[in-house]
Every structure is written in C-alpha cells, then in structure tokens.
Amino acid sequence: GVRYFEVDAGGALAGLRGKTAVHLTDLHIEEMGAREARVLEVVGDIGPDMIFLTGDYIPWVGDAGPAIDFLARLRAPDGVWAVMGDYDYSDGRQSCLFCHAPGSGAPTQAHGVRFLRNAAERVALGDGEIYVGGVDGDAFQAFDGWREFLEGDADTAAILLSHSPLVFDDLDGERSVLVLAGDTHGGQIPLPGWLWGLLGYEKNARYNAGWFERGKSRMYVSRGLGTSHLRLRLLRRPEVVVIAFR
C-alpha cells in the first residue's frame, strides 16, 4: 500500500516546504518481477521531488543485479539517496557493485542513486539547502560526518537515513532532524514489544513501525516492501511511504 503523511515544514524544515519525498526500504529483490514493476509504477505516478532508500535491496547472499536494475529506474529531480543494509553486505563482492563498477574502484554508472556510506552532504534546493546524511550498515557506530551533521546550521533541514532505527538512540533531541529508517519490517506479524525483546529483536521491541519523537528529532520507521526469514505478513502490510512537506 501507499502511506501518505503531511509534515509541517516550519522552522528548520522550511527549506523543504512544497516538496514531496518517497521513502522505500527492505525490498529484498530477487528478480525484476510484477511487485517491482508495480512499485516503480507507483513511484512514477507520485512523481516525488526526492527519493530516500534505507537498505536491504537483496535477499541474504542474493544476486545484486536485479536490485541494481531497480535502482537504475528511480528518478527524482532533486535527487535519490540511499544507505546500505546488513543484507546488502551479506556477500562482499556483490555489495561492491552498488557503488563501484565491476572490477574497478570507479563509481558505478549503472544507476544514479547517491549512496551515503557514513557520510553527510549539503544539497542545494532552489534558494535553500538541506543536509542529507547516511549511516552505513546496521548503524551501531557514529559516521565520519556525524558531528558536522548534528552541529550544522540549526536553520537548515536535516534528513538522516539509517537502515536500523536504533540510530535514534544516538540523538538527544537538540537538533531538528528527520530520521528515515527500516529494518524491522513492522514485525511482519503482530507481537507485543516485550516478546520481541525476549526474542532478541530490540529494534522491533522499541521501534517496530511508525512515527517516533525525541525533542526536536523525529523518526519514521517504515514496514518496508519485502520479507525476511518467512515469506509472511499478517496485519503488517508492505508500504511505499510518501511525505509531503507543507
């Protein structure tokens, strides 16, 4: 399904006013099939200004080819940014293909997605700009641009991409940041938070899906589009997330 949200673009987010973003995560693509074609059709119909992706594009030790083909078909006038997930690192040789040309350290020409690997950058948007940062992998360590990102101009919108929602623990709420994350799949099946904790899934116990706030910081955790472990979703539908900044 498609989930639409309107976010108040006041204060630090003013540079995003009038923009629309799509958030995709946890696709776990095995082939360019009907599901992938439908997602691309939905995104094309939305016509977002920017697209954000938060990891797990392939199955465990899966072929990166179909996922890279999918990424190559994403278009947005202000840019497409992404981070890697733990599944994307399940095969070292495959993971390199997301950022580099085969057999080379040169940047890939296979798609136009900007992968942020523990990095942050300023992005010009008309008369303004935003910060976009990305935490690599499972997000259990600070990235190189962390201090600059968090201590940047407080009047500039900041968007942080992370595969794991546990990165939200590192934010003290003093900086106005919008975090986009995935990894949880919304649990795939409904279980209480305490049970997820007993099973060792702290991410689901605390940040299963939806909106979270801490001071000036907000986070949306998407249920994603694919599945892992079991090909099953019960009352946890997959989602394409659309955020309109108003």
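This briefing looks at one helix and a few salt bridges in the structure above. The model is predicted, so local features need pLDDT of at least 70 and side-chain atom pairs count only at pLDDT 80 or more, while totals for chains, interfaces and linings use all residues. Residues are numbered from 1 along each chain as its sequence is written, and side-chain values use heavy atoms, with hydrogens and water left out.

**Helix α1**

- Helices are DSSP runs of H or I with at least four residues, and strands are runs of E with at least two, numbered from the N terminus.
- Glu36, Val39, Leu40, Val42 and Val43 are the buried residues of α1 (buried is under 20% relative accessible area, exposed over 50%, partly exposed in between, with a 1.4 Å probe and protein chains only).
- The face of α1 turned away from the buried side carries exposed Ala34, Gly44 and Asp45.
- Gly47 follows α1 and has a positive phi, near 60°.

**Salt bridges**

- The structure holds 13 salt bridges, each a side-chain nitrogen of Lys or Arg within 4 Å of a carboxyl oxygen of Asp or Glu.
- Glu239 meets Arg3 at 3.6 Å, N to O, linking the loop between β11 and β12 to strand β1, 236 residues apart.
- Glu239 also pairs with Arg223 at 3.5 Å, N to O, and shared partners join Arg3, Arg223 and Glu239 into one network.
- Glu239 is buried at 0% relative accessible area, whereas Arg3 is partly exposed at 32%.
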